[in-house]
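Okay, thanks everyone. Let me put the model up, and then I'll walk you through a few spots in it.

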Amino acid sequence: MFSVAAEDVPVTAWKHLTSQTGELPKAELGNQVAALIQDIDQDGYNDFVIASYEKMAWFRYDPARQSWSRYLIEAGLPPGSLEAGGDFCDINGDGAPDVVMGAAWKGNGCLWWWENPYPHFAQNTPWKRHLIAKIGGQHHDQIFGDFTGEGKSQLVFWNNTTGELYLAHIPSDPTALWEPKVIARVPVKNGHAEGLAKADINGDGKLDIVGGGWWFEHVKGDTFQAHPIDPEYEQSRSAVGQLIKGGWPEVVLNSGDGVGPLRMYQWNGTNWVGRTLVEKMDNGHTLQIADINGDGNLDIYAAEMYEPGPKDRCKSYIFYGDGKGNFRTEILCTGIGSHESKIGDLNGDGRMDILQKDFRHEHRVDVWLNQGAGTRK
């Protein structure tokens, strides 16, 4: 592990809740491929979504009871339909966030969006599903943002096996088929191009796209230029943030569906210079950047799957940053699998909590509620 001296950085105390003991509802979906955090019912408190290859549910937060209830989004697509990833966007302009997910290996190359029924929620009634496009391939990872500078969001997603990155504008009638365009192609040597994150990398005031070991800069119209960060790390999870104050934001890559190091990359004005934070992440399919301890500096949350992965030795790490590139490293837990786990305020107290989900070992869901920063040793 990369050794740093940041022992004065405050760490966080946690309250752990789990579906294993009934503190959270069980997802009851099968193998859990995706997790998202968003205020679905527009009550001012975040809810969260868990999806499997075939089904999807959201967990509605009740602030009065400080508990969650399970609601249905998708009752059951054919086996192997949905893949990891997904994102939220108010697609139809009604003020409520809708959900987008893409195809797994048996999903016929489809992308879909599910229409939020706000304010009329029924616990066991699925949301209406709409087809975005059917273009072949597998679509692991989607992200919304205004990447073309036109003042409204577009959808970006991968065709993983071909290394093609697509952009789609939301049509005036979003229930009609969309028209995705290939905006970049990257070489695929080791399996799949994966991972998506967004930030203004070069400081030009426009959102850029990060994924598959590259970053993608908008040129004009629907034209983008691909720039390498670490092309050998194509099948990785991506995160980006100002971990070192000043200059371009840093990019972090985790091993994703494989074994490799957790690396942070800093732009030196000419090249991206990488540095290893953990030598070996075994199926490191979780990566997020946020200010977890509330000290004004960004931190990194990175974790390993259980299976595939190191099983009882799988770890979840928090790297508490000091804004200068140094980190205080803590292990949040060992032996609880983490796949596409996310960070967000889950109980409305303004602190960043962790939504942790296992992939297939126990089909468990865990929430780590942030109790505030301290300076424990």
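Let's start with a strand pair: strand 12 and strand 13 (residues 181-185) run antiparallel, joined by 4 bridges. Pairing here needs at least two DSSP bridges between the strands, and the strands themselves are DSSP runs of E, at least two residues, numbered from the N terminus.

Quick housekeeping. This is a predicted model, where local features need pLDDT of at least 70 and side-chain atom pairs count only at pLDDT 80 or more, while totals for chains, interfaces and linings use all residues. Residues are numbered from 1 along each chain as its sequence is written, and side-chain values use heavy atoms, with hydrogens and water left out.

Back to strand 12, residues 164-169. On another side there's strand 11 (residues 154-159), antiparallel to strand 12 over 6 bridges. Look at L167: V156 stands opposite it, and so does K181 in strand 13. The hairpin of strands 11 and 12 has 4 residues between the strands, and G163 there takes a positive phi near 75°. Strand 12 is largely enclosed by the rest of the structure, because 5 of its 6 residues are buried. Buried means under 20% relative accessible area, exposed is over 50%, and partly exposed is in between, with a 1.4 Å probe and protein chains only.

Now, salt bridges: a side-chain nitrogen of Lys or Arg within 4 Å of a carboxyl oxygen of Asp or Glu. The count comes to 10. One of them is E74 with R129, at 2.8 Å, N to O. E74 sits in strand 5 and R129 in strand 9, so the pair ties together parts 55 residues apart in sequence. E74 is buried at 5%, and R129 is partly exposed at 36%.

So which residues does R237 bridge to? D141 is one partner, with the closest N and O atoms 2.8 Å apart. R237 is in strand 18, and D141 is in the loop between strands 9 and 10, 96 residues away. E340 also bridges to R237, at 3.0 Å. That pair ties together parts 103 residues apart, because E340 lies in the loop between strand 25 and strand 26. E340 is buried, at 6%, and R237 is buried at 6% too. Through shared partners, D141, R237 and E340 form one network.

Last stop, two loop residues. S236, between strands 17 and 18, is buried at 0%. G350, between strands 26 and 27, is exposed at 59%.
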